[in-house]
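I wanted to go through this model with a notebook open and write down what I looked up. Here are my entries.

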Amino acid sequence: MELLTIHHHDFTMSIECTKFMGIWGKAVQNVGKDKLMSRYTWTDGVERVVKHNEGGQEEELICGEEASAIFFDNADYPIWIDFHKDVKYAEFGSILKNENERFSFRKNVLAGFINYNNEIGKSEINIVYKVGSETRHFTFGFEVLSTKLDYHDHWNKIIEDIEAEYRMLSLDYMRRTFHGFTPHERGETPELIWWNIFSGEREKFIKACKNIIERPRRRLRGYETYQRADKVKRVTVNIENELAEHRKEAAHLYRIEEHTQSNDTQENRFLKYALAQIISKYEVLKKYIESVGKASDVLKNEMDVCLHTLKRLQRNPFFRTIGHFKGLNQESLVLQKATGYSQVYRTWNLLRRSYSLQDGMYRLQTKDIATLYEIWCFIEVSHIVKEQLRIGSEDVEHRNRMEMNGLFTWELGRGEHSRILFRKDGVELAELVYNPKHTEKENDNVSMPNLVVPTVAQKPDIVLQLTKNDLHDGMKMTYLFDAKYRIGGKDKGVDVPPDDAINQMHRYRDAIYYKDYNSDQLKREVIGGYILFPGAGEPLDVEKSKFYESIKEVNIGAFPLRPKDERNRKFLEEFIEGIIKRKSSETIAEVIPHKGTVLEVHDRVLIGLVKPSSRKDYYPKFMKGEADLYYTGANFPTTISLDGLHYFIPYFKGQGIRDVYKITRIRTITAKEAKQDEGAEANVTDLRLAFELEFSHKLSDDIRMIKTAGMIDNTFINTTFDRIGELVK
């Protein structure tokens, strides 16, 4: 389908897209028709621009005015440019080498295609061609919109949130799209901003330097010289007296004060300094960009020409008479208002400022929208966790940091380099990790401690671990979130996540294990996995959707999450609130066990008094956590049922509890056998209850006191794991 035709006096350009109607339909459903507007601009030489609408209707566009959009992310746009016969050479003028390689020029036709993938924002089609020996340029500007989010509203919110949390993280380079930005008065200017500002100021700066060199501001400068009487042109009173005194001395030299126009002014020294600094910086960044390999020949030629022009200015003989710049002692009206000087001073100040991602005259490239959405989701989850834990900013410890990614831009650290810890009163409550990569190398610094993958590497976007202490101290419950900038379609008026994304969450949950290095044993780790996607829908319909109901059934599902959609954000808020408040025993009880597996989280546990006895190794073994037997007194309370009793916790009188033992067998023994007292007389009627034990785990590293008011016979507490927390003081 032909979308646009540009009639130029040198060529005719046609832009097509075979799947445009389907793309347009998705965008209308997800964003709204009234939000799908783009502003079109073009350079001189255009006779007419025609947009082809549905049904064969033609709409003539006006330069600088808005019309419905035709460019969207993730779509192929074939472009045909039919040049007139006098054009013998033409090329696509993108800054990206691989994009230019998609176009070829044959028989006066330049043809190829562009695909913006996940890059949205302002963009341009640049054409470079020759008419005879003259090189000409043509630029057609427009906006590339998203089919899933509102570029003019949602994108700004995503950028604002990311920049508020991680300054400069949104920025990128060598992208097909760009955005407007405005310099700030304060703050440092990163190299990427410096490069973009100077790209916009380059022509004006060079022109200003040329104007100054041709017509510099001078000032009168006084100097002393010594001359003989016949060379003195102006005789002052002092000279007149001196002439009379030395009239007979022909060789006598007279001190003369003269004035001349000098170029060595404070403002010209500043120009020399500014030009040298800019050339130095430009040359370093130019080499850096060329070394990456993405730069097109068009961009390389442009940079070569600019650097050559700047160096030629620097070598001008004018600067030989200019001294070193020593700073500005006071404000200079010449630098602020004089022709040429004011432009140099303005460019210099702009290059020293910070920036704001507000629409402005300077171009700035950002990361693709899929990456930005992923980072934004991580920030949103961190905010929700903080809100639901009801803690202040002082209780949130950011161990995450940004790292250079190779081209003077930043990316968020991964794994252990992106941890956010949430604490209250010094006790760890939760931690959040971005993009850990779990492999068979469990000590990898981009992985997480104790989590391993025996098969192939797994890299979920967001890992949330909640710390629970009701079963034992420091137990972590792991939940995975994966941000997907995709929508799988609609079901009953609600956007649904892609099927393959849901399948990926099943894979994550089944692939990532916990490895206990004491026993070298693998255990299932992940409680559930959830997709975060930019879907929309009425909350009542979302609540009934399959992807949301499946969370309760199998702990795999999805949450719609898009900027400024507070109604659907509540689903994620309520879910995180629920898993924070829920006891770990309740969480594990809800996990679906494998067929044939008996999972009893609410197992009864017996807390029993342990005190020194005639058996020498009895008490020390419990203190060391190495006991294998516990025996009762002569009478065991009949109110305590042995049915379903699987665990035993020793209580050290006056100290508290620490260890959990699994009861492997219950039997009766005599008092003599229990106490191992060889001198005692055997009494077959004095029977004790014996519990054969196997160490299970620690409730805490230290012994913790408990409430003993309800002890049966001052010896036993019959309880369950989920109630132990109520006993601890």
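**Ground rules**

This is a predicted model, where local features need pLDDT of at least 70, side-chain atom pairs count only at pLDDT 80 or more, and totals for chains, interfaces and linings use all residues. Residues are numbered from 1 along each chain as its sequence is written, and side-chain values use heavy atoms, with hydrogens and water left out.

**Whole chain**

Helices (H or I, at least four residues) and strands (E, at least two) are DSSP runs, numbered from the N terminus. Next I checked burial: 50% of the 729 residues count as buried. Buried means under 20% relative accessible area, exposed means over 50%, and partly exposed is in between (1.4 Å probe, protein chains only). Then I looked at contacts, meaning heavy atoms within 4.5 Å. Of those between residues at least 6 apart in sequence, 71% join residues at least 24 apart.

**Helix 3 and helix 10**

At what angle do helix 3 and helix 10 pack? I got about 60°, with the axes 9 Å apart; helix 3 covers residues 154-165. Axes are lines fitted to C-alpha atoms, for helices over the stretch in contact, and angles run from 0 to 180 degrees between N-to-C directions. That angle makes helix 3 oblique to helix 10. The cut-offs are under 35 degrees for roughly parallel, over 145 for roughly antiparallel, 65 to 115 for roughly perpendicular, and oblique for the rest. Helix 3 passes helix 10 in a left-handed crossing. A crossing is left-handed if the near helix is turned anticlockwise from the far one by less than a right angle, and right-handed if clockwise.

On the helix 3 side I noted Trp155, Ile158, Ile159, Asp161, Ile162 and Glu165. Their partners in helix 10 include Leu372, Tyr373, Trp376, Glu380 and His383. By class, this contact has 10 nonpolar, one polar and three charged residues. Ala, Val, Leu, Ile, Met, Phe, Trp, Tyr, Cys and Pro count as nonpolar, Asp, Glu, Lys and Arg as charged, and the others, Gly among them, as polar.

**Helix 4 and helix 9**

Helix 4 (residues 191-214) packs on helix 9 at about 160°, axes 8 Å apart. That makes helix 4 roughly antiparallel to helix 9, and the crossing is left-handed. Among the residues making the contact are Trp194, Phe198 and Phe205 of helix 4 and Tyr341, Val344 and Leu350 of helix 9.

Buried residues in helix 9 include Tyr341, Val344, Thr347, Trp348 and Leu351.

**Helix 6 and helix 7**

The axes of helix 6 (residues 266-292) and helix 7 (residues 297-314) come within 10 Å and cross at roughly 160°. Helix 6 is therefore roughly antiparallel to helix 7, and it passes helix 7 in a left-handed crossing. Leu275, Ile279 and Tyr282 of helix 6 are among the contact residues, as are Met303, Leu307 and Leu310 of helix 7. This contact has 11 nonpolar, one polar and six charged residues.

**Single residues**

Asn74 has phi near 60° and sits in the loop between strand 7 (66-68) and strand 8 (76-83). Asn74 is partly exposed at 39% relative accessible area. Arg390 has a phi of about 55° and lies in the loop between helix 10 (369-389) and strand 19 (396-398). Arg390 is exposed, at 54%.

Last entry: Arg167 is in the loop between helix 3 and strand 14 (179-184). The C-alpha atoms of Arg167 and Met402 are separated by 9.4 Å, though the two are 235 residues apart along the chain.
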